[in-house]
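Colleague: I am new to reading models like this one. Could you take me through some terms, step by step?

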Amino acid sequence: MSTLISAENLGHSFHDNWLFKQQTFGINSGRRIALVGANGAGKSTLLKILAEKLKPTEGKVVKSKFLSMGYLEQDPSFNPEETINDFIFKADNEQQQLIKAYELLLENDPENYEQIEILTNKITELEAWEYEYKIKNILDRLDVRHLDQQIKTLSGGQKKRLALAELLISDPELFVLDEPTNHLDIETIEWLESFLTSGNKTILLVTHDRYFLDNVCNEILEIDQQKIFPYNGNYSYYLEKRAEREAADQVRYQKNSNLLKKELEWMRRMPQARSTKSKSRIDAFYDLQSKTQNNGHKEQLDLTIKSARQGNKVLEIKHLSKSFNNITIIKDFNYVFKKGDRIGLAGKNGSGKSTLLNILTGQTPPDSGAIDVGETTTIGYYRQSGLNFNEAERVIDVIKNVAEFITMADGKLLSASQLLTQFLFPPKKQHGFISNLSGGEKKRLQLLTILIKNPNFLILDEPTNDLDTDTLNVLEEFLTNFGGVIMLVSHDRYLIDKLTEQLFIFTGEGHLQIYNGNYTDYRLEETVVKQKTKTQDKPLKASVPEIKKPSNYKQEKELLEVEMDIASVESKIAELNLILNNPSSKTEDIILASKNVQTYQIELDAFLNKWMNLSELKES
């Protein structure tokens, strides 16, 4: 297993604050590594250093010769005048340029059969049809469309998906991904999991999505207290081993504290007495003092803010409808909220989830219908777009602008400064500027400004973006014990499974389906329905006498059926590839074959996923 990239005595500091110092580690080929740590610990900074976008304060990064690396930033930058096509398709790649011309022709001039035929022949000569399908599949999955559109017209989420698409198409030797699941819907995240775990890809990523992290990664690097700790396993393994390490650290800390007390007594003696002692003991004292100061109890986020009392009438949605550009988003939707409702919103990107939340909070007016809010209902809205902080404002002033003192769940009053300390903003950061905060710290500050208003109806639109996993765990515990109503939009399947008991599902054309259960329940039920439908579509077989089979017979039978389905679809794809690669094939036949290959490939992907799941069940 070769080392693709290594860090030697690496260290970096911001504003005289060291994020990590003298750290040495390597990334081996075939490993899928997650970088974890608290907000502000330096995760994104380390990715930038390894991707050679930032020079470290000390140490160096060594890459293997001719290493190709793809880097996905949290907020990718573009040439705004470029089109999507210009960005996706590289000028020095002949296959990509042919595919670019082919896709543009199909989109803008599909009746130009003569030119299409010329391009299809060239693509056939270069045996690029499989490559064309791969590019088309990635763009479709990430909802990247209208290839001649200028990048400056795209939203932030569209730009992030475009940058991810370009990286996946380029297929580098090393993928470096900073929050790749942001701005993706759950179905796309599940596809991305499958894509990244196929083949022998080498990946280094930062993500807050624990299902994604657990399913994709087989190694963890944790940044903690200026050090980097490796764990050779997935996220579940890391949590177990980190708990063991922290317990051992606590024992060492206690021993060091006891020893430090004795040494401190000696150091405080008269200088005459101390001068006769060895210099090595004095040096050892300062070393011990440093270790004890840096390895004490880790501060935990404290969410114990009081929520307002809720009356019998919470909120009622009456005959709600909303359309944009003649596209119906919500059509005649009705719902009466009850105390303790925990509702998740599900649906593809752009289906209307954020629109519904904006209507409920008065940010967007409905076309028809009404929102009737109860007198005692206090809504707290955590928006995906965040707050427009003044970067030159101090952190403590953001809170003081809302309230000087805040009532906690136990009735105590806390000052703005005390509350910020509980939210892991120490005095030094409180009096620092917003511009010095990391993305995750800004999100945590945004959450605080909402909770101090004591809401009893919490609306959370993608609350997990940019939050570290430790903060997420505390947020989940708070929300689990929250007595009010929760409405949640999240692509974090773990969070939506844990916190919701009901779903509003945007199924298209303005329809909202109300489902009792969490997201995993819904997907399992959806899968069962699809399998039943497929079985009913098959021709009936003659009945045979029932024979007693071994307990695992059903699994074996299902596995065999799926293998037959895979072989059948692969055979169909192979037949279509003969048409695509035959120079004498008619243009109309090639276009039809290309579309059919895409359809069969999607079907094949589904069968392969099912085969993998059944194989895992068989082995367990």
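**Rings, charges and buried residues**

Modeller: Happy to! By the ring-pair rule, the count comes to 13 aromatic pairs. This is a predicted model, where local features need pLDDT of at least 70 and side-chain atom pairs count only at pLDDT 80 or more, while totals for chains, interfaces and linings use all residues. Residues are numbered from 1 along each chain as its sequence is written, and side-chain values use heavy atoms, with hydrogens and water left out.

Colleague: What makes Y235 and Y238 an aromatic pair, and why is it called tilted?

Modeller: Rings of Phe, Tyr and Trp (its six-membered ring) pair if their centres lie within 6.5 Å; planes under 30 degrees apart are stacked, over 60 edge-to-face, and the rest tilted. Y235 and Y238 are 5.6 Å apart, centre to centre, with 35° between the planes, so they pair and count as tilted.

Colleague: Where do these two tyrosines, Y235 and Y238, lie?

Modeller: Both are in helix 9 (residues 235-267), three residues apart, about one turn of the helix. Helices here are DSSP runs of H or I with at least four residues, strands are runs of E with at least two, and both are numbered from the N terminus.

Colleague: How do you know whether F337 is buried or exposed?

Modeller: Buried means under 20% relative accessible area, exposed over 50%, and partly exposed in between (1.4 Å probe, protein chains only). F337 has 3%, so F337 counts as buried. F457, at 0%, is buried too.

Colleague: What shows that K353 has no salt bridge?

Modeller: A salt bridge needs a side-chain nitrogen of Lys or Arg within 4 Å of a carboxyl oxygen of Asp or Glu. For buried K353, the nearest side chain of opposite charge, E462, is 6.5 Å away, so there is no salt bridge. Lys and Arg count as positive, Asp and Glu as negative; His and the chain ends are not counted.
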